[in-house]
Amino acid sequence: MNDFFFARSQMAMSLAFHIVFAALGIGMPLLMVMAEGTYLRTGEPVYLELSKRWARGTAILFAVGAVSGTVLSFELGLLWPGFMEKAGAIIGMPFSLEGFAFFTEAIFIGVYLYGWGRLPPLLHWLAGVLVAVSGTLSGIIVVTANAWMNAPAGFRFINGRFTGIDPVAAMFNRASLHETLHMTLAAFVATGFAVAAVHAFLLRRSPGSPFHRCALGLALAMACVTIPLLVLSGDFSARSVGRLQPAKLAAMEALYRSQDGAPLLLGGNPDDSARTVHGALVIPRGLSLLLADDPGARVAGLEEFPRTDWPNVRMVHWSFDLMVLSGFAMLAVAGWAGWIWWRRPPLADHPWLLGTLIAAGPLGFLAIEAGWIVTEVGRQPWIIYNVMRTKDAVTPMPGIAVPFLAFTILYAFLAFVVTRLLRQQFLETDGAVPESSPA
Amino acid sequence: MLALAAAASLVLSLILYALSGGADFGGGMWDLLALGPRAARQRTQIAKSIAPIWEANHVWLILVVVVLFTAFPTGFAAMMTALNIPLTAMLIGIVLRGSAFIFRSYDTRPGAVRRHWSTAFGIASIVTPFLQGAVLGALATGGIRVVNGQVTTGFFAGWVTPFALACGLFALVLFAFLAAVYLTLDARDQPDLRGDFRKRAIWSGAALMPVAGVVFLAARHGAPALFHGLTQWWAPWLLGATCLCSLGALGALRWRRFAAARVAAAGQVALILIGWSLAQYPNIVTPDITVVNACAPGATLRLLLLALAAGALVLLPSLLALFRLFKGAASHGGAG
């Protein structure tokens, strides 16, 4: 375990922490304005209560997301100066646009949280809409920077020098569309299922509560509309990765040998030295069919790439399977909930559904974390795919174990406190809604 | 020319960060130092003043970082390497401050817990700007050397010098002063509270002068290039204007012209940062990294400036709306 290992661990830990808040920062504002919009349309006070309560949750999550995002923008340079030195001029553009989107979000979240009663209702709702839109936009823009690391574009790399820099081409690289689409949908799905689980849990405690019934309805609506789109975008993403990063795809599918009519391997234990997978569930020709709509199509295996260019196959394959499994599990739950909603409403009176929703609550975030492991670990050993190796970008700073430990402890503590505070907002103050302005 | 414009926008973002985010740090300091019979009310007023705007104010820092690494990527890489230790510590401060503030606002448990958050918020509000000042100071010392893109002076160069530490102290007092001046306006409905903040503003504003003197003296040996910059033709004019603002702010506080005091104090902070950047120019990390040799290619700079201009078009009306809503005179009638 050297400094390089700790630098990677610190980056991974910071991203894994931030992505939860970033995804909630995209999903929660939409829920919040859905609730307030429903209130404005129907005049039902329960929806006003709901939007206020969700806004309190959003405020806490947004603050932690903002500071952990600040940490990341510095860590890019603190941990990977070799990368930023070259990449800053190429992908700084999306970051500065993201800065403005984030700015807008921060401004209007202030307006929204503290503007109850100070603004006409419609304007207040519009402030919320701006939070939701700019939050989503800032997520999309920042993911294009990550997409660039996977599908570098907008420069010429000659003799170790980057020339002919075109930031627009870099931003609209060939991985941008599928990554941004998949991540944005994932944010809505994960938030929807997590929030639905919270209110399903509270409904089991107090089955009659109209508050939690309405909350469950809105959260499930968001989750159930987006999950089928998410699964479809997943298919699109996998095909794009197959085209752009065949080594990553081979690791995702644990495909060692190139072959016509490649099988789909589910689970199993990839063995790099024997170049085989033990105990996987094999669907013959499945992979070729999925990637090329042709059961006989040829798929490149890891053997086509130098051993030094392989990512950690086991980690990537297992994470990929975990993500896909979570996705389909959520799709099934959504299908069931949709059927009940259509044929046997109301949803809240089905104890089995509530139990299942509680169990499905973490699946969205599990899938997001697993998906980012696939994206990031799957790109290794490259920090800029096929251009710069991660180990060549790391800081010369010794003793990175210290900040790694410090941030790990700090974030563990924050996670604990945030969980506690969210519990306070939703569990312990189950009765009346506290004042909207906390200060 | 493009590089100069990018550098100017960097300085502008830095000034706006100091004027807004800096004052939020100052608020944290006064929260920690809340004294006397009205301590609790002082804290309440500080929280109320900061709460709706601190998230937005904080984004200026992100903008500074982003413009820095887009427009001057090699400068960014060198700074992040040489100043890894203070910047990492500053990040921990930023995380603690932001989360402690929001946790305090939303923690419904009784007083003791809130006091812990309050203390964490206050301490982080001192540590963070101190390190920011020291980092800015370190850039000017000339102690950080970069050869062929590699930092050759290790990880302690620059920032553990008397000059850099004096800069840290200066940032602290400056932000405390700025916050106290702003708070006199926010507390307009409560004369006794306003008096407290007025006293704090006068004391910290007066304390600023000897600290500025120490920074200046320390610069002679600690940051010779910067010191030399401060002896150019424009320096006396700028220094004069800064002193005028400073005395103007103190005078306005003395005669209870609080709105004028705010303008003068903000002008003082802006002039200090402008003077610092003019004296520092063309260096980013003195002496090896300059605005010219560290800048990104023209295509990047052009797009960046375009993006900044377009962003400003969205941003400025939004910011105005935010501040009008929560800081305008009209908003105080009902807020109580």
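## Chain A as a whole

Among contacts in chain A between residues at least 6 apart in sequence, what percentage join residues at least 24 apart? In this predicted model, the share is 75%.

Chain A contains 13 helices and 10 strands. Its radius of gyration is 23 Å, which is close to the 22 Å that the globule rule gives for 439 residues, so chain A is as compact as a globular protein of that length. Along the principal axes, the C-alpha trace of chain A spans about 65 × 45 × 40 Å, and 56% of the 439 residues in the chain are buried.

## Helix packing within chain A

Two packed helices are described by the angle between their axes and by the distance between those axes. Helix α1(A), which covers residues 3-42, packs with helix α7(A), residues 210-244, at an angle of about 130°, and their axes are 10 Å apart. That angle makes α1(A) oblique to α7(A), and the crossing of α1(A) past α7(A) is right-handed. On the α1(A) side the contact is made by A:Leu30, A:Leu31, A:Met34 and A:Ala35, while α7(A) contributes A:Leu218, A:Ala219 and A:Met222. By class, the residues of this contact between α1(A) and α7(A) are seven nonpolar, with no polar and no charged residues.

Helix α1(A) also packs with α2(A), here at an angle of about 155° and with the axes 7 Å apart. Because angles over 145 degrees count as roughly antiparallel, α1(A) is roughly antiparallel to α2(A). The crossing of α1(A) past α2(A) is left-handed, and the residues of the contact between these two helices divide into 24 nonpolar, 12 polar and two charged.

## The contact between chains A and B

The contact between the two chains draws 55 residues from chain A and 58 residues from chain B. On the side of chain B that touches chain A, the elements giving two or more residues are α2 (39-50), α3 (54-71), α4 (73-82), α5 (84-106) and α12 (298-327) of chain B. The largest share of that side, 15 residues, comes from α12(B). Sorted by class, the chain B residues that touch chain A comprise 40 nonpolar, 15 polar and three charged.

One helix pair that bridges the chains is α2(A), residues 45-79, with α5(B), whose axes come within 9 Å and cross at roughly 180°. The two helices are therefore roughly antiparallel to each other. Among the residues of α2(A) that take part are A:Arg56, A:Ile60, A:Val64, A:Val67, A:Val71, A:Phe74 and A:Leu78, and those they meet in α5(B) include B:Asn84, B:Leu87, B:Leu91, B:Ile94, B:Val95, B:Ile102 and B:Tyr106. Taken by class, the contact of α2(A) with α5(B) has 15 nonpolar residues, six polar residues and one charged residue.

## A loop residue in chain B

B:Trp255 lies in the loop of chain B between α10 (234-254) and α11 (258-280). Is this residue, B:Trp255, buried or exposed? A residue counts as exposed if 12 or fewer other C-beta atoms lie within 10 Å of its own, and B:Trp255, with 10 C-beta neighbours inside 10 Å, therefore counts as exposed. The C-alpha atom of B:Trp255 is separated by 39 Å from that of B:Ala112, a residue 143 residues apart from B:Trp255 along the chain.

Methods: Residues numbered from 1 in each chain as written. Chains lettered and ligands numbered in written order. Predicted model: local features only at pLDDT ≥ 70, side-chain atom pairs only at ≥ 80, totals over all residues. Contact = placed C-beta atoms within 7 Å. Helix = DSSP H or I, 4+ residues; strand = E, 2+ residues; numbered from the N terminus. Nonpolar A, V, L, I, M, F, W, Y, C, P; charged D, E, K, R; others polar. Axes fitted to C-alpha atoms, helices over the stretch in contact; angles between N-to-C directions. Parallel < 35°, antiparallel > 145°, perpendicular 65-115°, else oblique. Left-handed = near helix turned anticlockwise from the far one by under 90°. Buried ≥ 20, exposed ≤ 12 C-beta atoms within 10 Å, placed from the backbone. Rg over C-alpha atoms; globule rule 2.2 N^0.38 Å.
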